[in-house]
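Here are my notes on the model you sent, as numbered points. Please read them with the structure open.

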Amino acid sequence: MVSVLLVHHSPSPSTQRIAEAAEAGLRLPELGDIAVTVRPALEATVDDVLAADAYVLGTTANFGYISGALKHFFDTTYDAVREPTAGRPFSYWIHGGYDTTGAETAMTQITTGLGWALVFDPLVLTGAVDEGHLETATELAATVAASAL
């Protein structure tokens with residue numbers, strides 16, 4: 001059975017809607033039997049990462065950078081998971097108020113260092129979240145899951 005880990009920091013109603021749309025994508029019936037683990041970024045562990053075959057990540061852009069919560073996730077798991085998870089599929093979303101440039105750079109640098117394989121263009125947006133964004137989040141997560149099958 002394929003296992004997908006969804007790690008996110010979603011402190012606002014808008015970002016929570018994105019996380020829910022991504023989780024819905026992981027649970028699409030046409031994907032078959034997939035084990036889905038959802039963790040807030042401050043609760044995700046090395047064991048969660050090692051047990052997963054693929055990853056969906058979500059963060060706010062705070063002061064132009066990824067959230068402190070997602071940074072903490074990477075800080076506490078990176079060394080232990082870098083080699084054993086290299087090549088695994090992933091994608092992510094970033095939601096910011098006005099600028100996501102630093103967050104995008106950080107996600108690229110960190111996930112490149114991990115050696116993970118980007119399988120869907122990241123969803124990066126500022127301002128209001130609309131239905132199109134939610135549909136993209138669902139498709140993003142479903143693609144990540146399908147890539148691990």
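1. The accessible surface of the protein chain is about 6700 Å², and carbon and sulfur atoms hold 51% of that area. Keep in mind that this is a predicted model. Of the 149 residues in the protein chain, 48% are buried.

2. Along the principal axes, the C-alpha atoms fill a box of roughly 40 × 35 × 25 Å.

3. The secondary structure consists of five helices and seven strands. Read from the N terminus, the order of elements is β-α-β-α-β-β-α-β-α-β-β-α. Among contacts in the protein chain with a separation of 6 or more, 82% join residues 24 or more positions apart.

4. In soluble globular proteins, nonpolar side chains tend to be buried together. Here the largest nonpolar core has 26 residues, and Val4, Ile18, Leu26, Val56, Trp93 and Leu123 are those with the most contacts inside it. Two or more residues of this core come from each of β1 (2-8), α1 (13-26), β2 (34-40), β3 (54-62), β7 (123-126) and α5 (131-148). Helix α5 gives the most, with eight residues.

5. Which residues does Val4 contact, leaving aside its neighbours within four places in sequence? The list is Leu26, Ile34, Ala35, Val36, Thr37, Ala52, Ala54, Tyr55, Val56 and Ala145. Two of these partners, Leu26 and Val56, are also named above among the core residues with the most contacts.

6. There is also a second, separate core of 24 residues. Ala41, Phe74, Ala106 and Met107 are included in this second core.

7. Is His133 buried or exposed? Its relative accessibility is 19%, and since the cut-off for buried is under 20%, His133 counts as buried. His133 lies in helix α5, and beyond residues up to four places away in sequence it touches Leu123, Leu125 and Ala128. Leu123 is one of the residues with the most contacts inside the largest nonpolar core. His133 and Arg17 are 116 residues apart in sequence, while their C-alpha atoms are 9.8 Å apart in space.

8. On charge, the protein chain carries 6 positive and 18 negative side chains. The centres of these two sets lie 6 Å apart.

Conventions: Residues are numbered from 1 along each chain as its sequence is written. This is a predicted model: local features need pLDDT of at least 70, side-chain atom pairs count only at pLDDT 80 or more; totals for chains, interfaces and linings use all residues. Side-chain values use heavy atoms; hydrogens and water are left out. A nonpolar core is a set of buried Ala, Val, Leu, Ile, Met, Phe, Trp, Tyr and Cys residues joined through side-chain atoms within 4.5 Å. Buried means under 20% relative accessible area, exposed over 50%, partly exposed in between (1.4 Å probe, protein chains only). Helices (H or I, at least four residues) and strands (E, at least two) are DSSP runs, numbered from the N terminus. Contact means heavy atoms within 4.5 Å. Accessible areas come from the Shrake-Rupley method with a 1.4 Å probe; for residues, only the protein chains shown count as cover. Lys and Arg count as positive and Asp and Glu as negative; His and the chain ends are not counted. The place of a charge is taken as NZ of Lys, CZ of Arg, CG of Asp or CD of Glu.
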